[in-house]
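Please open the structure in your viewer and follow the stops below in order, selecting each group of residues as it is named.

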Amino acid sequence: DENCRGAYPPQHADVDLHKFAMVSLMAMGHFVQPYLEAYDSERMVTFIMWWLGAIPMPTFVFISGYLSRPSTVQRARTLFNNVVFQYLLFQLLYGVWYTLAYRTLSDRDGYMTRGWVAWYGKFTRLSWGFWDPFAHLWYLFCLMNWRFTYEHVMMLRREAVVPIMFLVGILAGYTDASHFFSLQRFLAYFPWFVAGAQMNEAGRWLPVCRNWAHALFAAGVLLLGAGVAAACTWRETRYSWMFMARPYKDVCEDGHCWYGGFARLAVYAYQSSMAL
């Protein structure tokens with residue numbers, strides 16, 4: 001079909017367009033979230049995060065895997081040095097800035113101060129972890145570890161790697177892996193990276209069909225996603241389930257979350273339909 005492409009690697013413009021769209025969605029979400037929360041629009045935040053928040057991260061991780069190249073000693077050394085330098089620099093700058101800017105606020109649980117402010121006032125100190133990545137900095141460490149780890153997991157049977165990684169991502173929620181080096185996100189999003197890298201090795205890209213049928217199908221998926229987001233908002237389901245940054249016990253209200261694995265499996269299915 002002349003309207004459908006996907007049998008060969010994409011043009012750079014296609015990949016750049018995908019990356020720009022995902023970065024724009026993430027930036028929009030980070031921008032509106034604190035303001036909506038400040039004006040007590042919790043339901044609006046929940047709906048937006050469940051609907052549009054399901055698309056950027058899986059897609060961006062998938063593209064990162066697709067664009068990754070086989071590791072060499074020189075590439076690994078360069079990647080490690082760049083990531084560590086950027087993380088140390090920006091984590092320190094963000095920590096200093098947020099401490100100076102927000103240390104006088106009375107609300108200690110606000111979005112802009114949660115875990116990133118060292119003290120309030122002169123004597124009230126908070127637990128500020130240098131290895132708890134600030135906001136988007138978690139992606140630096142995860143990207144480095146994904147690239148290093150991918151070479152090893154490919155020693156498994158090729159057809160089984162992606163399902164095994166999804167299983168590992170589900171089981172990771174039952175562990176204590178959390179914000180330290182963003183280990184929970186590293187394990188939870190790794191299947192998307194592996195899928196992208198495997199598609200690159202196969203010399204393929206997701207089919208891009210420019211016709212009315214494809215447009216209607218995409219619109220239908222988005223409408224279905226809006227329905228799921230509305231249902232989650234109505235049931236007051238926490239959107240932190242979808243970000244997969246914390247173990248299940250920290251997300252569940254009662255702290256005993258035996259069903260967490262099934263919830264993450266449902267989130268994986270929802271994100272797959274929305275992102276791909």
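Begin with two helices, where α7 passes α11 in a right-handed crossing, meaning that the near helix is turned clockwise from the far one by less than a right angle. This is a predicted model, in which local features need pLDDT of at least 70 and side-chain atom pairs count only at pLDDT 80 or more, while totals for chains, interfaces and linings use all residues. Residues are numbered from 1 along each chain as its sequence is written, and side-chain values use heavy atoms, with hydrogens and water left out.

Select residues 183-201 for helix α7 and residues 260-275 for helix α11, which pack at an angle of about 45 degrees with their axes 12 Å apart. Helices here are DSSP runs (H or I, at least four residues), numbered from the N terminus.

Next, select lysine 249 and aspartate 176, which form a salt bridge with the closest N and O atoms 2.6 Å apart. The pair links distant parts of the chain, 73 residues apart, with lysine 249 in helix α10 (residues 248-251) and aspartate 176 in the loop between α6 (158-172) and α7. A salt bridge is a side-chain nitrogen of Lys or Arg within 4 Å of a carboxyl oxygen of Asp or Glu. Lysine 249 is partly exposed, at 43% relative accessible area, whereas aspartate 176 counts as exposed at 59%; buried means under 20%, exposed over 50% and partly exposed in between (1.4 Å probe, protein chains only).

Then move to glutamate 159 and arginine 157, whose side chains meet in a salt bridge (3.6 Å, N to O), and both residues are exposed.

Finally, select phenylalanine 90 in helix α4 (residues 73-102), which is partly exposed at 35% relative accessibility.

How values were computed: Axes fitted to C-alpha atoms, helices over the stretch in contact; angles between N-to-C directions.
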